[in-house]
Amino acid sequence: MAAKLAIIGAGDLGKTLLKLLSDIPTYNFAGFLDDTLAQENGKGKNVLGAIDDAKRLQNEGAFDAAILAIGYNHMVARQQIFEDMSRSGIRLAKLIHPTACIANDSRIEHGSVIFPGCTIDVGARIGRNTVINAGAVVSHDTSIGSHCFIGPGSVFAGFAHTGERCRFGVGCIIHDNIRISDDCQVASASLVTHDVPPGQLVMGTPAKFRRKVEWLR
């Protein structure tokens with residue numbers, strides 16, 4: 001029997017994850033947990049309640065597991081909600097689309113989402129609460145940190161490493177053996193050929209420093 005999955009956040013990412021669920025037979029959609037819609041009495045919109053209701057609703061059997069759909073404009077809040085839920089005993093799922101190519105010895109932590117057409121290669125590691133968007137490639141022995149967003153079509157060569165709360169736009173290319181520190185942002189279509197210190201936004205080909213990332217200001 002498929003488990004009942006609650007989606008935390010009913011915005012654009014929440015709707016996208018709901019569509020993704022239609023291709024993943026291990027879960028059935030239980031409903032959204034969303035603070036704004038709960039305040040607006042959004043029960044007719046598949047809203048189970050507010051985020052703070054999660055523990056009670058899980059205990060009552062409203063859902064078996066949850067997945068976060070808090071978007072990349074709220075990087076710090078996304079991590080905080082995830083950690084609060086983990087501490088409170090909420091079971092956090094991981095979603096892997098059946099068209100993704102996942103190596104047997106790769107490691108994908110709970111709370112993460114792997115979209116259609118992704119490749120997670122031999123020895124790769126995906127941290128907790130990380131979104132790997134459609135068609136991205138994480139090559140052999142590369143490590144993606146927790147609470148990251150990887151844009152569609154991005155490619156990480158072998159032995160690359162990212163820290164936590166990193167955000168990559170569409171079609172980024174990360175050279176092999178590159179280390180990208182915590183809280184970095186790589187703009188769409190950028191080619192990263194050198195290590196990136198913490199908290200930097202880089203862009204271009206090759207990618208160069210532009211400014212500190214917004215969520216650290």
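Buried, in this talk, means under 20% relative accessible area; exposed is over 50%, and partly exposed lies in between, with a 1.4 Å probe and protein chains only. Helices (H or I, at least four residues) and strands (E, at least two) are DSSP runs, numbered from the N terminus.

Next, the ground rules. This is a predicted model: local features need pLDDT of at least 70, side-chain atom pairs count only at pLDDT 80 or more, and totals for chains, interfaces and linings use all residues. Residues are numbered from 1 along each chain as its sequence is written, and side-chain values use heavy atoms, without hydrogens or water.

Start with helix α4, residues 75-88. Its buried residues are Met75, Arg78, Gln79, Ile81, Phe82 and Met85. They cover an arc of only 165° around the axis, so they sit on the same side of α4. That arc is taken from the directions from the helix axis to the C-beta atoms. What about length? At 1.5 Å a residue, the 14 residues of α4 should span 20 Å, and the end C-alpha atoms are 20 Å apart, which agrees. The expected span is 1.5 Å times one less than the number of residues. Just after α4, Gly89 takes a positive phi of about 90°.

Now the strands. Two strands pair if DSSP finds at least two bridges between them. β1, residues 3-8, is mostly covered, with 5 of its 6 residues buried. β1 and β2 (residues 27-33) run parallel, joined by 6 bridges. Lys4 stands opposite Asn28 in β2.

Then there is an open sheet of 8 strands, in the order β5-β8-β11-β14-β17-β20-β22-β23, with mixed pairing. Its edge strands are β5 (95-96) and β23 (208-212), each pairing on one side only. Inside the order, β17 and β20 run parallel, with 2 bridges. Arg167 has Gln185 in β20 as its bridge partner.

Last, the largest pocket. A pocket is an open set of points on a 1 Å grid over the protein atoms alone, where a 1.4 Å probe fits, with protein on both sides within 12 Å along at least five of seven lines; lining residues have an atom within 4 Å of a point. The volume is about 510 Å³. Of the 27 lining residues, Leu13, Gly71, Tyr72, Asn73 and Phe149 are the closest to the centre. α1 (12-21), β14 (149-150), β17 (167-168) and β20 (185-186) each give two or more residues to the lining. α1 gives the most, with 3 residues.

Note on methods: Grid points are joined across faces, edges and corners, and a volume is the space filled by probe spheres set on the points.
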